[in-house]
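Visitor: I would like to learn how to read a model like this one, feature by feature. Where do we begin?

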Amino acid sequence: MPLRRGFLGPLIKTAVFTVLVPGTVGGYTPYRLLAGAPRRGDLGACRYLGLIPIALGAAIYLWCAWNFAVTGRGTPAPIDPPKELVARGLYRWVRNPMYVGVLSAVLGQALLFGAPAIAEYAVVAFAFFHLFVLFYEEPTLAAKFGDSYARYRRAVPRWLPRRPASSPPA
């Protein structure tokens, strides 16, 4: 994919947003929940399986953030969204891969540290994400992108990935 002009500004703003928001939701808050929280019994080497969803979650988020900056010429921040509908990469499989990536990383930490409090936090975070998507993101995208977003919504599921059609829906 050739790089578009003017992507450096959105990449810098995306990096700042990533540290502040997903960094807080997916890293700092779980870290704080670990302090003094009860841990499940020793999971042995199985706990290291938590590193897989952590790594996958981080990779998912970073890939999508790159697409927002380079393809969409915007950021994940609601105050500076992409100027073009991003329906490529992981967005062909699921409409909200950034949230899926962050939740994967949080659940991976729950397993890695044997921390039920982090798993419970993931459930609360998902509920918040879902409500934010329903009541803010989807109406905003529908108003901004019209028919192309309506076609995209019909073709791509909100949360559970599905194999994409042979060509992008929007």
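Guide: With a definition. Helices here are DSSP runs of H or I, at least four residues in length, numbered from the N terminus. By that rule, Pro97 is placed in helix 4. Keep in mind that this is a predicted model.

Visitor: How many helices and strands does the protein have?

Guide: Five helices and zero strands. Read from the N terminus, the order of elements is α-α-α-α-α. Helix 1 covers residues 8-20. Helix 2 is 22-34 and helix 3 is 51-70. Helix 4 is 97-113, and helix 5 takes residues 116-155.

Visitor: What does the radius of gyration say about the protein?

Guide: Compare it with the globule rule. For 170 residues, a compact globule would have a value near 15 Å; the protein has 17 Å, which agrees. The C-alpha trace spans about 50 × 30 × 30 Å along the principal axes.

Visitor: What share of the contacts joins residues at least 24 apart?

Guide: Take contacts between residues at least 6 apart in sequence; 75% of these join residues at least 24 apart.

Visitor: Let us return to Pro97. Is Pro97 buried or exposed?

Guide: Use the cut-off: buried means under 20% relative accessible area. Pro97 has 2%, so it is buried. Skip the neighbours within four places in sequence, and Pro97 is in contact with Ile60, Cys64, Leu90 and Tyr91. Leu141 is 44 residues from Pro97 in sequence, and the C-alpha atoms of the two are 16 Å apart.

Visitor: Cys64 is on that contact list. How many disulfides does the structure hold?

Guide: First the general idea. A disulfide is a covalent bond between the sulfur atoms of two cysteines. This structure holds zero.

Visitor: Now a tyrosine. Where does Tyr121 lie?

Guide: Tyr121 lies in helix 5. Its relative accessibility is 17%, so Tyr121 counts as buried. Beyond its neighbours within four places in sequence, Tyr121 is in contact with Thr24, Val25, Thr29, Pro30, Leu33 and Val106. Leu107 is 14 residues from Tyr121 in sequence, with the C-alpha atoms 9.0 Å apart.

Visitor: Tyr136 is also found in helix 5. What is the relative accessibility of Tyr136?

Guide: It is 34%, so Tyr136 counts as partly exposed. With neighbours within four places in sequence left aside, Tyr136 is in contact with Pro78 and Leu131. Pro30 is 106 residues away along the chain, and 25 Å separate the C-alpha atoms of Tyr136 and Pro30.

Visitor: Which residues is Thr18 in contact with?

Guide: Gly23 and Tyr61, leaving aside neighbours within four places in sequence. Thr18 has its place in helix 1. With a relative accessible area of 17%, Thr18 is buried.

Visitor: Now the loops. Where is the place of Leu49?

Guide: Leu49 is in the loop between helix 2 and helix 3. At 46% relative accessibility, Leu49 counts as partly exposed. Follow the chain to Leu112: it is 63 residues from Leu49, yet the C-alpha atoms are separated by 7.0 Å.

Definitions and conventions:
Residues numbered from 1 in each chain as written. Predicted model: local features only at pLDDT ≥ 70, side-chain atom pairs only at ≥ 80, totals over all residues. Heavy atoms only, no water. Disulfide = S-S within 2.5 Å. Helix = DSSP H or I, 4+ residues; strand = E, 2+ residues; numbered from the N terminus. Buried < 20%, exposed > 50% of the residue type's maximum accessible area, 1.4 Å probe, protein only. Contact = heavy atoms within 4.5 Å. Rg over C-alpha atoms; globule rule 2.2 N^0.38 Å.
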